[in-house]
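Subject: Structure for your review

Dear colleague,

My notes on it follow directly after.

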Amino acid sequence: MRTIVERHGGRLDKLAGAAAMAVFGVPHVREDDALRALRAATEIRDALAAAEPSMGAGSRCRIGVNTGLVLVGGADELAVGDAVSLAARLGEAAAPGEILVGAETLRLVGDAARCEPLEALRLRGVAEPVAAFRVVDLDRLASGAARRLHGPFVGRERELGWLRDAWHRSVQEPGCQLVTLLGAAGVGKSRLVAEVLAGIGQDALALSGRCLPYGDGITFWPLLEALAPVARAADRVLEWLESGSALIAEELFLEIRRLLESLAETGR
Ligand SMILES: Nc1ncnc2c1ncn2[C@@H]1O[C@H](COP(=O)(O)OP(=O)(O)OP(=O)(O)O)[C@@H](O)[C@H]1O
Ligand SMILES: [Mg+2]
C-alpha cells in the first residue's frame with residue numbers, strides 16, 4: 001500500500017490493526033490530489049484482490065475516500081478533522097472490494113470517475129445524513145474535469161491569424177513550424193488549438209499527445225499517444241516507445257521522422 005500511495009504522491013499516515021490511512025495534499029496541495037487518491041485506492045483494491053487466492057476473502061478491502069479541510073501540524077504532520085473521520089466512516093460503510101467517495105471528492109475527480117449515488121448514509125456521530133457514491137469505473141489517464149469546448153467561439157482573431165499563418169507557411173514552404181502557446185490556466189489555449197484544427201481538419205491529419213503530470217516511464221508518453229492512431233505504419237516505433245527498452249534516442253527520433261515523412265507523402 002505504501003508503494004502505491006507514494007507513487008501517486010500521497011503519504012501513508014497511520015497503520016492500525018487492519019486499517020490504514022493515506023493523505024494526499026499534505027504538506028503541499030496539488031490540483032489533482034483527489035484524483036491521485038482515487039487512483040491509489042483502485043490500485044490498492046486491485047492489488048489486494050490479486051492476493052485473494054493466497055490470502056482468502058480477508059484480503060478484500062473496503063475503502064473510503066473523502067476531501068475537505070483538515071488541521072495539520074506537528075513534526076509528523078498529522079491531519080486531523082471531520083474530513084478524516086468521514087473518510088474512515090465511508091470505508092466502514094463500504095462493502096468488501098468497494099470504494100466509496102464523498103461529495104467533494106466526486107466533484108474534484110470530475111469526469112475521470114464514473115460513480116453511482118448511494119442512499120445518504122446515517123453515520124454515528126454525524127447529525128446530517130452524508131452523501132456517498134460508489135466508484136464504478138475510473139479512467140486512469142483522464143485528467144479530472146473535462147473542459148467543454150463547444151460553446152460559441154469569441155474573439156482571438158489575432159491569435160487565430162498567427163496560427164493559420166503558420167499552417168499556411170508549413171504547407172507552402174519546406175520545413176516545420178513550431179508554435180508555443182503559453183498562458184494562464186483556463187485562458188483558452190486548448191480551445192484556440194481546437195478552433196484552428198476545426199478549420200483545417202479536412203485538409204490535414206492532426207496528431208496530438210499530452211504530458212502526464214506524474215508517473216513512471218512517461219517520458220515518451222506524448223509521442224506514444226500521438227502516434228498510436230497511426231500505429232500500423234509505426235509498429236517498431238510504438239514498441240520502442242511502449243517498452244522504453246534500451247534504445248538510442250537518435251535512433252528513435254529518426255524512426256519517428258521516417259514515419260512522419262511517410263505520412264506526409266499521402267497527405268498533410
Ligand atoms: N475564445 C473563446 N471563446 C469561447 N469560449 C472560450 C474561448 N476560449 C476559451 N473558452 C472556454 O473557456 C474554457 C477554458 O478554455 P481552455 O480549456 O481552452 O483553457 P486552457 O488555457 O487550455 O486551460 P488549461 O491551462 O487548464 O489547459 C473552455 O470551456 C473553453 O471552451
Ligand atoms: Mg488546455
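In which sense do strand β1 and β2 pair, and over how many bridges? Strand β1, residues 11-16, pairs with β2 in the antiparallel sense, and the pairing runs over 5 bridges. Please bear in mind throughout that this is a predicted model.

R11 faces V23 in β2, while L12 has A22 of β2 as its bridge partner. There are 2 residues between the strands of this hairpin, and G17 takes a positive phi near 60° there.

The loop between β2 and α2 contains P27. The peptide bond that joins V26 to P27 is cis, with an omega of about 5°. For context, most peptide bonds are trans.

**Domains**

The chain is divided into three parts: residues 2-138 form domain 1, residues 153-201 form domain 2, and residues 205-268 form domain 3. Between the C-alpha centres of domain 1 and domain 2 there is a distance of 41 Å.

Strand β6 covers residues 99-102. I99 and V101 point one way from this strand, L100 and G102 point the other way, and all of them are buried. As a general point, the side chains in a regular strand alternate between the two faces of the sheet.

β6 pairs with strand β3 (residues 63-65), to which 3 bridges join it in a parallel arrangement. Here L100 is the bridge partner of G64. β6 also pairs with strand β8 (residues 132-138), in the antiparallel sense and again over 3 bridges. In that pairing, L100 stands opposite R134.

**The largest nonpolar core**

Which residues of the largest nonpolar core touch the most other members? They are L38, V65, I99, V101 and V109, in a core of 29 residues. Two or more residues each are given to this core by β2 (19-23), α2 (33-50), β3, α4 (82-93), β6, α5 (103-109) and β8. The largest share comes from α2, with 6 residues.

Leaving aside residues up to four places away in sequence, V65 touches A37, L38, A41, A87, I99, V101 and T105.

**An exposed loop residue**

G125 is located in the loop between β7 (113-117) and β8. Is G125 buried or exposed? G125 counts as exposed because it has 8 C-beta neighbours inside 10 Å. S85 is 40 residues from G125 in sequence, and their C-alpha atoms are 10.0 Å apart in space.

**R156 and helix α6**

R156 is found in the loop between β8 and α6 (157-172). Its phi is near 65°, a positive value in a residue other than glycine. Most residues other than glycine have a negative phi. R156 counts as partly exposed because 15 C-beta neighbours lie inside 10 Å.

L160 belongs to helix α6. L160 is likewise partly exposed, since 15 other C-beta atoms are within 10 Å. When residues up to four places away in sequence are not counted, L160 touches E195 and V196. L160 and E195 are 35 residues apart along the chain, and a distance of 8.1 Å separates their C-alpha atoms.

**Helix α10**

E250 has its place in helix α10, which comprises residues 249-266. E250 is exposed because it has 8 other C-beta atoms within 10 Å. E250 and G175 are 75 residues apart in sequence, with 19 Å between their C-alpha atoms.

With kind regards

Terms used. Residues are numbered from 1 along each chain as its sequence is written. Chains are lettered from A and ligands numbered from 1 in the order in which they are written. This is a predicted model: local features need pLDDT of at least 70, side-chain atom pairs count only at pLDDT 80 or more; totals for chains, interfaces and linings use all residues. Domain bounds come from an automatic or database domain assignment. A residue is buried if 20 or more other C-beta atoms lie within 10 Å of its own, exposed if 12 or fewer, and partly exposed in between; C-beta atoms are placed from the backbone. Helices (H or I, at least four residues) and strands (E, at least two) are DSSP runs, numbered from the N terminus. Two strands pair if DSSP finds at least two bridges between them. A nonpolar core is a set of buried Ala, Val, Leu, Ile, Met, Phe, Trp, Tyr and Cys residues joined through C-beta atoms within 7 Å. Two residues are in contact if their C-beta atoms, placed from the backbone, lie within 7 Å.
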